[in-house]
Each structure stands twice: as structure tokens, then as C-alpha cells.
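Colleague: I have a model open and some questions about it. Can we go through a few spots together?

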Amino acid sequence: QFILKMAAVQSGQSETEEEKEIQPETSNDGSRTDGRPPAGSPGVPAPSPGAVKPSAPGEEETLRAVLRFLQKNNLSESVEILRREAGLPDEPEDQTGSESSGTGSGGQEAGGGVGDAGSLLSRVSAAPTPAAATVAAPPPPPSKVGAGDDRPDVNVVLSAYSQQGDPVLYDVYYSGLKKFIESVLDCHRAELSQVFYPLFVHMYLELVYNNHEAESKAFFEKFSGDQECYYADDLRILSSLSKKEHMRGNETLLDFRTSKFVLRISRDSYQLLKRHLQERQNNQIWTIIQEHLYIDIFDGMPRSKSQIDAMSGSLAGEAKRDSNKAKVFYGLLKEPEIEVPLDDEDEEVENEEGKPKKKKPKKDSLGNKSKKQDPNAPQQNRIPLPELKDSDKLDKIMNLKEATKRVRLGRDTLPSICFYSFLNAYQGLTAVDFTDDSSLIAGGYADSTVRVWSVTPKKLRRVKSAADLSLIDKESDDVLERIMDEKTASESKILHGHSGPVYGISFSPDRNYLLSCSEDGTVRLWSLQTFTCLVGYKGHNYPVWDTQFSPYGYYFISGGHDRVARLWATDHYQPLRMFAGHLADITCTRFHPNSNYVATGSSDRTIRLWDVLTGNCVRILTGHKGPIHAIAFSPNGKFMASGATDGRVLLWDIGHGIMIGDLKGHTDAIYTLKFSRDGEILASGSMDNTVRLWDAFKAFDELETDDFTATTGHIHLPENSQELLLGTYLTKATPVIHLHFTRRNLLLAAGAYNP
Amino acid sequence: MAEERRPKQCTVVVPTESMKAMAESIGVGQLQEESCVALSDEVSYRIKEIAQDALKFMHHGKRRKLTTSDIDNALKLKNVEPLYGFQSQDFIPFRFASGGGRELHFYEEKEVDLSDIINTPLPRVPLDVSLKAHWLSIDGVQPAIPENPPPAPKEQQKAESTEPLKVVKPGQEEDGIQNKTQGATSAESKEGIILSEGYGGYSTLDYCMFVCVCRLQEALQSIATDPGLYQMLPRFSTFISEGVRVNVVQNNLALLIYLMRMVKALMDNPTLYLEKYLHELIPAVVTCIVSKQLCLRPDVDNHWALRDFAARLMAQSCKTFSTTTNNIQSRITKTFTKSWLDEKTQWTTRYGCIAGLSELGADVIKTLILPRLTIEGARIRAVMDGPVVSNIDKIGADHVQSLLLKHCASVIAKTRNPPDNVEQYRLDYGYLGPMLCSHVVKARTQAALQAQQVNRTTLTITQPRPTLTVSQSSLGGSGGPRTPSIIKVPSSLTLMSPRPGTPTQPSPPATKYIVMATSSGASSTQQVITLSSSQSGGTSTVQSATSGLQPLVKLESGGGPGLTASRPMQKYIVVSLPSSASLDGKGSGLTAISSSTAQLEAGMKLERSDSPGASTH
């Protein structure tokens, strides 16, 4: 009982200073505790609210803070309950609440704060002292749900790391647990080992928070080597942190405190762990597990080490199973029917016959395919898409025509690769994009310029000035040709406007616009008719790492250091959607081919898929061990590939939300991924100066789609990445930073030559 | 490994002395020890934090090197004013100083005189960014062009030769290499440079070299620079060793010279791992140094130059390849010394031995040649002053004499102290003494002259080659990326047009001139005639060839792409001679013809397969 009271006092003292900085962050997830194992409360004797003990005076404030917090989050029911129980007056702002009730309720609340520990204690000791029982007692059952929802949350906010054990014992606790886990059966060991990393971090942070500098250092040195190698980056950040003051404003740390580390453990293993901790009365660890970990328990066989390794590695553990349950309409939208003139199929014929122009609607295989509505496709008008213009139709026709001449790629017919080297870029090339028809190439540079090249003999021309335009005969047939200023024709144009390195670049599908995002926090829209900046979209206040146009134009997505991805429309200066949830920088952003979804990759080593319509996060994909720098969707919209600094390419099934492949081979960060036009080949380009080709057809074909154990989240990755590797092409000191398949399936690659 | 590093990360802090030093530098005199500790903790943490943020910028900048601008950006992220004046692309050297028990690292900033800056001519404007395209792969096969890295890096060639079993590792490596080798071989077959079928039965065959001096020059150039040749290396090596064997018997001086130049070219090629083939190459080279007879008319032909050249080659290979395990240098030295010491050795061989030894350097001359000068002098005198034995001997002795004089004089000039007394020399070196003396004097004056000139820096200006622009503009018209092997670019980048789609990189010329078998049996006799007639010319060019000729770009090859339809590639198919004076050469000659046409067809095919790709844009 004494310990509990101490803890309560501690929490009361610390809350005032903690409250302000933590509250904003915790508001993101009110329901995260509902999956909490029901270990805490059962077995606790019936509540007796009347027997509240008086406690330290500081706790009145605690209670007020709690109330304020609850109100802020509109948890009126809980407020009601708390108020009723604590006997506080109706106006929480009234600071003159009676001393006795205030302190009394403070005791109650503080008891709740350590409730879990208390209840555990009571269970362990089997014969709880009455006082402890009353303090720890939750409210009556009907209201318990509501209170149970919030209380641990508040608890995190108020008393994070304040339960102070003996710093020397941390070492003992941890090594005790380590010994235990090493001694359990093999099948459980891998699962339970997952606990190490979050425990280690939280224990370290507790030590640091409580100013045990020497102990924390010793603790870190002793156990940091045991952690999985893919946490090395985070550990490096942790290691630099040795003072309580440092914890303020450290992002990694806030992430740890505000979000629960998610573990997936089978019921058997979990029981094992629980029993051990209870036997050993290891409260310290148990408290951390209760408060900072989210353990997703599943029934069935424990997972193997490789299965766990495949999925772990993200900053906040694995994704919860239910976060990937939402239905995703991954099918493609129906293509608008366009009449494809048959006649110019054969150019010679056309030349002989003059210009017959029969205008027969063409019923080829492509047309038929688009007629059938894909059951997985979203409604055609699920999100409003821009109308097709005549020029777009023309482009579509060109596209179809090219498609008929497309090389059918496969294992035996690999694509030719044409490499565009940027010479004399002085290490300054940061982003590259090609237009869909491969006629233009744009590069973003560290010196904040953007350059556009024409790779066809057609030169880039600017539209004439307004004065000159007024002189043009607007009725003439070649007015589009006349508006261009022949004098400005050149092979490349430079766009000035950014004030920092340009990190992302994207052409609009109709080739009229170019987007660029930069370190200066803006996204700029450039016209490729006038080669001037049209709009600067301000919203990200920090560097914007990536941007991309929707495949249908009009919309675009951007993401950056502020951890928020924004969806914009070109004619709005404010974003239409903000996708928040990543725990670290958003490093890359990609549109789904049907434009209804957006994928973002992040430094927190997760990929999230967002619904453009609702703004919800519909998939969280974990498994990468480094910041994700490349994402590509397969042309049928069903699959996704992602590449990270860890040099691995992961393949995902979007519908089921699970990993289906792991392509190993690259030795450095992967900066670009692209599927061939038919989705049969996946090309990846990396910092290790190679382009690699993978057999995507085989990777997706071999899936046993019926055997998906999406319910348990078990994955069985085939170890065949070497069979899938079709080719490795080494460049000469040129990192590959962009890849693009032309409409005929010729692979274009780009990078800066760095001798 | 990481585990060892991590504890270190945990503890690294800026030393408190630094804090003191910094405090003093801004005028804070007495800083409490405690505040120093607190400060250094804080500062170390902040620095680490900023460095971690800067890393982020590096990653997004797609670089491997952290730059000062990354730090600036990281500071900006924290709303801190960036450090101005540290815009350096290079490593900033910190200087170290200690004194008074203090150690200090500082960045040395020199005071700059403004007038200096104003008066120095402007530096060259950095070249503008340009875009160049080349084929990284054609239908899944990487063409061996200079824009691509060599099919197998030197390390891998080494691994293959030293640990043949290890190379084929299970897993990822395997695929890569197999792919690569497949790629390389098929690329070569496509380009039509695969050897004729004769390879299997080369004991009967012998390639001989053809000679058309202008072509040969290019062929050698190609051998010296082509990155994709390593697959051919075994054949080259056999070709050379067989060629030398045959031609020594036939006394075909011109061909020997070309073979030696080929060795030289191979050695010049930085992408080849030659170690594996030294057992074939070195005997060939040594043969060319010490063989009794290398030409039909030793009294007239200048086989001495060949010996000199081969000796230089030998010295070069000793320098590059000699290790403690293979002991090339000592073995070679032994060989030379042994045959030199032999009384019966002919003058030609003697000359070769001395040349070979003296090329190995001043030390070898000092220890091995100088002590024998007296004996050698006596021998020469016996020939010169004695009864005329034969003209050949006399010429030989004459050459040996001048050779000795040439090499020894410079060494003596360095080792012996100035007063050059003729008598003293005669005493020391016998017959050659007086002549040596005059040579030494000459060498000394020359050295003095050179010493004066050393200070003058030489400026080499490479002449821009106008042909280039021509070839590029012609390419520009055709549009789209092209197989770039046709375009030759000198090492200067200045001439690049901003036109994308013409792939060029600062690398050696790309055209492939592979010297290989094949020519018609009928014409072979003619070529032999050409051979002998060009002999004198050939020998005289040996010297210039070694001095790293960079042949000018030929207009015809630059403008190639336009013509390729009619003429598949710039391919110089080269020659075989009938086998060693026997008649069965006809058969091989015939097979050679058929194979040559096959190559041409392959070349055509390649062209065709290129063009659809190029027009897909």
C-alpha cells in the first residue's frame, strides 16, 4: 500500500509539467486500449467507493487535469462518472472544489493510475489488503467500460515513467526475463523475444527520465547489443539521449510514449509470459507491458522466428490485425470508351489511300476487357475525376496504339534498358521523372532548380507573350502551333523558383504541368506551356520529401517531414485531405492506379494506404527495416512493391493487406521501383549502382490465394528471391534514381554520373 | 561488430576542455568545471541530433556523402540559423595544435588578400548539366561498351583465377555472374568478335598478324582500352605465345614486333587481370629479348629495337606483377645473368640479356653490369680490333657497346663523384673506360640542364577535335538513343553538345577493333609481301607506339550511324596466315573465311535489333 501511495504522489507531482506537452499527442487514438488483455481487473474485490483514503494535496490538480483532458476529448460519459465518483461540482473550471472531495477523488484517480500494477499486485499476493483493493477498485461494472477506455490513456499521459523502481533492479529484471525467455521452448522463444526491444527501450527511458544517468548508460551498454540489428538506427538515437531534458522534443521518444508498441503473440506464449511475470512478481516489467505495449493475441500456433522477422522492424511494432481489415477497392476504373480509328493501324495503307478515316469503333480485346466491371473496383464516381478533354482522348488513342506494339515481356524476353546519365550534376541530382509517353524528362537539383529536357527531336517551346498572342489569327487550324514562340525552342528549360533542394518531381498525365516539392516546404506547380510557376502550395512547413500527380491528373499528393501527407487539387490552395498517422517523416507518396487510394512510405518503416474519399488509413504494412523510399503499384492495382534503405524489395497483396514476397539482392538503398506495363517484370534501381529485374509474374502467380491466413496474419514467404531475379545490370558509378517503362515496355533508367 | 560500436556511441561526448577552449574564444574566462560538463553533455546531444537529421537530408539527396548543406538544412529544421561560410564540397582539414598541456583542433583559415582574388584569372566555369543516353542492356544482355562497367571487374577476374571454386557461390552471386558471363559472351558473339572455330585445334593453327599499319594502330588501341575483353584473354595469350614461337622460327621480325605491341596493349588495359596468363606471356617476351635470331637478315634488320622494346615490357611486367610468391623479377634476372655469363653466348643474345637487365633499374645495373664492364669491354675489343670474324659479330659488338654505354653512363654519373678522369675510368672499366668517361660527362651536363628546367611546369593543352561535333550533330538528326559504341569521344568533355540522346561519357574510344583470324587464302601471300616491305617502317614506329598514342578520332567512324545500314559496324577483320610454312594452312584459311562472313552477319543483326528500340520513343 505504501508503494502505491508513493506512486500516486509521484504521478500527482509530475502531471502538471507533463500534461501540457503530452496532451496534443495523445489525442490521436482514444480507443487503443480496448484490446488490452483482460488480466488487470478480474479478481478484484467489489468496489467500495466510500472508503476512499485521503492522500497528498497535489492530487486535486491531477484530477482537474484529468477532467479537463476528458472534456477536451468529448468523453462526456467518463467525465460524468468521474465527477460523480469524485464528488466534484459540475463546473470543472471551478478551482474551489472542496478539499476533501478533491483529495479523495485524487486518491481514487491515482489509484486508477497505477491500477494495473495494483490489480496485478492484488492478484499476485492473493490476499489483497482492503485498502489497496479499495484504492485500485474500478468503478461499478456498467460504467467500467467507459472509464476503462480512458483511464490507462490518462495514465500514460500523466505518469509516464514516473513509477520509479529501484534503478539497480532494472538490470536484474531485464536479465531475469531474458533468462526466462531463453529457457522456454523453442516455439515460444521467438515470439517472446519480440518483447525485448520495446521493454528495453521503455526501461531505458524510465531510467533516463528519473535521472539515473549512470544506471541508464550501464543498462544501455549491457543490453543494446542483444537487440535485433534492424533497430540499430533507433538505438543510435536512443543512445544519444541521456538526460531528462533531452526527452522533451525528441520525436522518436514521443512516438514511443504516445503510441503503443504492437506485438503479435499467440495465446500460449502470452500465457507463458504472464505466468512467469506473476510468479516472479516482476511488477516493473508487467507495468510496462500493460501500459506501453499492445499485445495482439491470436489463437493458434506460435510464429517462427523468420515469420516474425519478416513482419517486424517498424518503429511501433507490427500493425494490428484489425487495422488491415477494411475493404479496399483495388480494382481499376473502367476506361472510358474511345473510338480508335482503325485506319492508321497500318501507316503504309494510310499513305496509299490518302486519308480515308473510316472511324469504326474498334472492338479489340482491350475494349472488351474494360467493359466488364471489376468486382473489386470502386464506383466509377467514388471520387470525382476530371472530364476527359479532347487532347486526353487523343493521348489515350496513342497509348492504345502503342500498346498493340508493346513487347510482351517475361522470363525469356527481358526488356532493353536505356540509361539516361546526368553528367556534370556534381552530386546535385535529387529527383527525376519521365512523362508517361516518355517524351520529356525532368530533373530536380540540390541547387533548387528544376530542368526539363525533351528526349525527342521535338524541342521545348514557350507560348508567346500576351501581346504577340493577340496578333494571332485565332480561327486558323494550326492555332496551337502558332501560339508557340519558335525563338524559345531549345532542348532543355530551367525552372527557377524553389529556395531549397528539390526532392520530388512529377509530370501531370497530360504533360501540361509539372509538380516539384522542395526543402523550402512548398510544392510548386509549373506550366510546361509557359515554363513558369503557376502556384506554390504552402502547407507543409517542413521539407516536402515527395509529391505525385494522380494518374487522372487534377489531384496530387505530397508528404514530408511534418509526418502528414496532404492531398491537393491543383485549383485549391489548401489541401483537400490530410493523412496523419505516420510516426516519422513521410518519405514517399504514390497514387493507386484507380486514384482512390494513396500509399505513403515513411521513416517509421511502415507503409500506409489511405482512402482518398474518407481520409481513413485502410492498411498499415510493416516489415521494412529502413526508411521506405520507393513504392510502386502493379498495373492491375492488386499488388504493391516497396523498397527501402535496407536494400530489400517487399511485395504486398493490397486486398489482403499482407506481405507476399521479399526480394533480396540490392546492397544499398532502393530509390525507385517500377512495374512493366503489363505487370510481368518489376524493375528496381538502387544506390548500389544496379538495375535489377524481377519476375513479378512468377512472384504473384505462385500465390495460393485460398490459403491466405489473413485472419491470423501468418505469412509464409517463399524463399525464392534468387529465382525471381532475372537480371542485374551494373552501371558505371551511377546510382539509379528513377525507372520508367515506355508504352512499348522499353525500360528507361536515370541517374547522375558520380565519378 | 555493431555491438562493439554501440557502447562507444553511447559515451562519446565533446570533451570538457573543448568547452573551455570555446568559452575562452568568445571571452568567457573562468568556466566552472560543472558547467563545462553540463554544457558538453548538452552540446554532444544536440550535435548528434543535428547529425541524425542531416543524414535524412543526405538520403533524400540520394548521396552517400554528408555535405555541409545537409547540416545547414538540419539546422534550419530546428529553426537555427545555418552556419554561413562553410560551403565546401571537400573535406575540411582540421589542424592540430598542442601546447601548455592543451590539445586543440582547429580549422585553419588563411587571410586572403583581396587583390590576389581580383587579379587571379577566373576559374573555368563548371560544365553545365547534360543528359546522355546509352544502352544499359539490350534484350537482357549488357553490351560491352565504355559507358557500361567492364563485364567482370578485375577483382572478380582475380577471384576466378585464384579461387575458381569459390566464385560460383550458391545464391545471389551465382545468378549475377552467370548472367553476366552469358551476357558478355553473347554480346561478343553478336558483335562478331568471337574467335574462329580454330580455337579448339590451335596446335595446328597459328594466327599471324596482318599488317596494315593504320588499322593495326586502332586494333592495339582497342585492346588497350576496351573494358570487355577479359573473356578473350586466354585466346589472346595463346595467340601471342604461339605467334612468338612460330615467328621466331620463321624469323618474321615484323610480326614479332606486333605481337609485342599487343602484349604492351594488354598490359595497358586497366580492366584486365593478366596475372593468370603471365606463364604464357613472359616466355614469349623473353624470347623476343634473347633469341639468337629474330629476323632473316640480322645484319640489316633492326631487331635491336625489338629487343629493347621487349626488355622494357619485361621490366614493366616485373614492376607490376612481381610479388614475393612468384618472384618474377629475381627469376628473370637469374635467367638473363646466366646466359650473359655464358662464354659461348652470341652477341644478339648477349645484347638482349644486357638490355633486359639494364631496364630493370639502376640497382640492377650497379650490382650486375658495372662489375662486368671490364670483361665485356675486353670481349668487345676482341671483336672490334681483332681479325674480322664476321660482319654480324661486329655489328653485335657495336650494339652491345653502345647499349652498355647508354645505360651505364647514367648510373655512373649518379654514383661516381665528379672528377671524371679518363685514365681513372680506363683503370676501372678497361676498354670501355674512355668512352664511358665522355658519356658520363655528357650525362652530367644534361642532368644539370634538366635540373634548371624542372621548375618550368609543362602545360598540356589537349586540342579539341572538331570531328566530334560533326558526328554528334549527325546523330542528333536521327534522334533517340543510339548504340553508342560507334561514337568515339576523346577524353575531353568540353565538346559535348547539350543534346540528350547522344550517349557519351568521358571514357576511352569505344570502337572495337579486334585483331583476329581470317582472311582469304589467296590474299595471304600478298599480305606477306606487305609485311616484309613494311618492316623497316614498322620497326621505326615501335617507339612512338609505346609512348601512348591517342589516335585522333576518325571522321568516318564518328559519322558511322548514318552509314551503318550499308556497312554494319566499324569492324576491322584481320588476317591469318597459313600455318608455319606448311601447306595445310589452306584448310584453316577457308574456315576462317566462312566464319568471317558469319561475323559480319551477326553485326548486321545487331544493328537491326537496335533500331526498333531506338525508335520506341
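Colleague: Is Ser518(A) buried or exposed?

Modeller: Ser518(A) counts as buried because its relative accessibility is 0%. Buried means under 20% relative accessible area, exposed over 50%, and partly exposed in between, with a 1.4 Å probe and protein chains only. This is a predicted model, where local features need pLDDT of at least 70 and side-chain atom pairs count only at pLDDT 80 or more, while totals for chains, interfaces and linings use all residues. Residues are numbered from 1 along each chain as its sequence is written, chains are lettered from A and ligands numbered from 1 in the order in which they are written, and side-chain values use heavy atoms, with hydrogens and water left out.

Colleague: Where is Ser518(A), and which residues is it in contact with?

Modeller: Ser518(A) is in strand β11 (residues 513-518) of chain A; strands are DSSP runs of E, at least two residues, and helices are runs of H or I, at least four, numbered from the N terminus. Leaving aside neighbours within four places in sequence, its contacts (heavy atoms within 4.5 Å) include Gly500(A), Tyr503(A) and Val544(A).

Colleague: You mentioned Tyr503(A). Which ring does it pair with?

Modeller: First, the structure holds 28 aromatic pairs over all chains. A pair means rings of Phe, Tyr and Trp (its six-membered ring) with centres within 6.5 Å; planes under 30 degrees apart are stacked, over 60 edge-to-face, and the rest tilted. Phe200(A) and Tyr204(A) are stacked, at 6.5 Å centre to centre and 15° between the planes. Both Phe200(A) and Tyr204(A) are buried. As for Tyr503(A), it pairs edge-to-face with Trp545(A), at 4.9 Å and 65°. That pair links distant parts of the chain, strand β10 (residues 502-507) and strand β14 (residues 544-549) of chain A, the two residues being 42 apart.

Colleague: Why are Phe200(A) and Tyr204(A) about one helical turn apart?

Modeller: Because they are four residues apart in helix α10 (residues 196-209) of chain A. Ring pairs also link them into a cluster with others, among them Tyr174(A) and Phe219(A).

Colleague: New topic. Where is Gly623(A), and is it buried or exposed?

Modeller: Gly623(A) is in the loop between β21 (617-622) and β22 (628-633) of chain A. It counts as buried, at 0% relative accessibility. Its C-alpha lies 5.4 Å from that of Ala310(A), although the two are 313 residues apart in sequence.
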